[in-house]
Amino acid sequence: MTVKKKKRSYVRAAILLVMAGAIVFTIYNSFAGEKSELLQVGDEAPDFALVDLEGKEHQLSDYQGQGVFVNFWGTWCKPCEKEFPLMEKQYQVYKDQGVQILAVNIAQSDYEVRQFAEQRDLTFPIVIDKTKSVMEAYNIRPLPTTLLVNPEGKITKIITGEMSEEDISSYMEEIKPE
């Protein structure tokens, strides 16, 4: 074997060793890695604090005793866009009956979110999850996803996908304090 061929075979062996190590590491991590438990109906809603477009902090636990309609969304999401006028309409009906909306935008700029909200005359609190930490804590995958949190802080329903006005109204009725 020539010196060139020996070098080439050492380089190939090193590359194969690194690739094999990466594959083993990936497989190990997928099985032993930290897994977030999926939230289920009946679970305590994880507390979080996010800031709205006016700079006011909203902490979920501050709404204890009220029903909270927690909606995860993005400005680019067409079903989200369709839901917002319906949510606003129902918010006007239920806000004085102890039902609040927290609209959690997923990591978009204040400017984008403000433009979206102003164009639609939205009055309920809109907060931005800039680091996606709340999205991860709640294991949110498709947008929109809405969680109904009862006055005791428990998740009563998890809704993925677009909702009709009738759906929104009945969900708010479900979490309305007695």
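Analyst: Buried means under 20% relative accessible area, exposed over 50%, and partly exposed in between, with a 1.4 Å probe and protein chains only. This is a predicted model, in which local features need pLDDT of at least 70 and side-chain atom pairs count only at pLDDT 80 or more, while totals for chains, interfaces and linings use all residues. Residues are numbered from 1 along each chain as its sequence is written, and side-chain values use heavy atoms, with hydrogens and water left out.

User: Is glutamate 81 exposed or partly exposed?
Analyst: The relative accessible area of glutamate 81 is 25%. Because of that value, glutamate 81 counts as partly exposed.

User: What pattern does the protein chain follow along the sequence?
Analyst: Helices (H or I, at least four residues) and strands (E, at least two) are DSSP runs, numbered from the N terminus. The protein chain has 5 helices and 7 strands. Read along the sequence, they give α-β-β-β-α-β-α-β-α-β-β-α.

User: How many salt bridges does a search of the whole structure find?
Analyst: A salt bridge is a side-chain nitrogen of Lys or Arg within 4 Å of a carboxyl oxygen of Asp or Glu. Searching the whole structure gives a count of 7.

User: Which residue forms a salt bridge with lysine 78?
Analyst: Lysine 78 is exposed, at a relative accessible area of 55%. The closest N and O atoms of its salt bridge are 3.3 Å apart.

User: How many residues apart are lysine 89 and glutamate 165?
Analyst: Their side chains meet in a salt bridge of 3.4 Å, N to O. The pair links distant parts of the chain, lysine 89 in helix 2 and glutamate 165 in helix 5 (residues 165–175), and the separation is 76 residues.

User: Where is lysine 154, which forms a salt bridge with glutamate 44?
Analyst: The closest N and O atoms of the pair are 3.2 Å apart. Glutamate 44 lies in the loop between helix 1 and strand 1 (49–51), 110 residues from lysine 154, which is in the loop between strand 6 (145–149) and strand 7 (155–160).
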